[in-house]
Amino acid sequence: MIETPDIDRPPAELSAALAEIGSATASAELSRMGIRSAFISGPVTVTPGVCVAGPALTLQFLPKREDLYPVDEYAEPEKQLHRHVLYHTQPGDIVVVDARGDMGSGVFGEMMLTYFKGRGGVGVVVDGCLRDIGKAKQLGLGLWIRGATPNFHTQTGIVPTAVNVPVACGGTLVEPGDIIVADDDGAVVVPVKLAPALLAVATEHAEWEEFSRIRLSEGGDMRRYYPLSDEARPEYEQWRAEQGRGPA
């Protein structure tokens, strides 16, 4: 019997708050905190308008060697580790798959994604492909992938080899349980230990951008409002007070 480890999950409230921040602000603020690039390069959204954040269940693929792995799609299904990562799904989880950028293997299809959705999963990030993409996009999940293929997961060049281990997805390290923030700009990896500090600075960033966006839409001087200048800060603080977000 195959046993695979589960992940430690951060508080759901933390993930929900980071979803409100979005990937662009998360990436920029993480850079200022010392993480040069937290962006998972390669997978792009095929579900525009969806923004999710949640802990990462991870799945690792390696190159296939036929003497070690059966060719049949349904052969010994309980030995197929791409099933086992989904068995760990709890509400709010995101599956992150290092599929080596392979464009010939459909890591999951409609049936397995339906199971994932039914268990409360919210997003899938694959450095590779899915199959049944038309039906998959109708499930209400957030999907970030390199492309689609009719092939099943081990039909050509890769096989799943490990669940909930550190993986390199799109060249970016993802530790099991890291918080993934994904939207139309792509997917960003937030180390759990940095998440509270990121949320604090990103919330302030989002607030001054909201104020600056208003002023710019009114014809305000970009040199004054973007980024927010010291000269404009008293005006910003007054606006915050008027919004009930700070002292008058």
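1. T25 is buried, at a relative accessible area of 10% (buried is under 20%, exposed over 50%, partly exposed in between, with a 1.4 Å probe and protein chains only). This residue sits in helix α2, residues 23-32 (helices are DSSP runs of H or I with at least four residues, strands runs of E with at least two, numbered from the N terminus). T25 touches A202 and H205, leaving aside residues up to four places away in sequence (contact means heavy atoms within 4.5 Å).

2. On the basis: this is a predicted model, where local features need pLDDT of at least 70 and side-chain atom pairs pLDDT 80 or more, while totals for chains, interfaces and linings use all residues. Residues are numbered from 1 along each chain as its sequence is written, and side-chain values use heavy atoms, without hydrogens and water.

3. Helix α1 (residues 12-21) packs with α6 at about 35 degrees, their axes 10 Å apart (axes are lines fitted to C-alpha atoms over the stretch in contact, with angles from 0 to 180 degrees between N-to-C directions). On the α1 side, the contact uses L14, A17, L18 and I21. From α6 come A195, P196, L198, L199, A202, T203 and A206. The tally is 10 nonpolar, one polar and no charged (Ala, Val, Leu, Ile, Met, Phe, Trp, Tyr, Cys and Pro count as nonpolar; Asp, Glu, Lys and Arg as charged; the others, Gly among them, as polar).

4. Helix α8 covers residues 233-242, and Y236, W239, R240 and A241 are buried there. Those buried residues pack against α6 (195-217). After α8 comes G244, with a positive phi near 75 degrees.

5. Check the peptide bond between Y226 and P227. It is cis, with omega about -5 degrees. P227 belongs to the loop between α7 (222-225) and α8.

6. Two non-glycine residues deserve a look. R100 has a positive phi near 60 degrees, in the loop between β4 (94-98) and α4 (110-118). R100 is partly exposed, at 47% relative accessible area. N164 also has a positive phi, about 55 degrees, in the loop between β9 (158-163) and β10 (167-169). N164 is buried, at 8% relative accessibility.

7. The lining of the second largest pocket includes I35, T172, E175, D178 and K193. By class, the lining has six nonpolar, two polar and three charged residues. A pocket here is an open set of points on a 1 Å grid over the protein atoms alone, where a 1.4 Å probe fits, with protein on both sides within 12 Å along at least five of seven lines; lining residues have an atom within 4 Å of a point.
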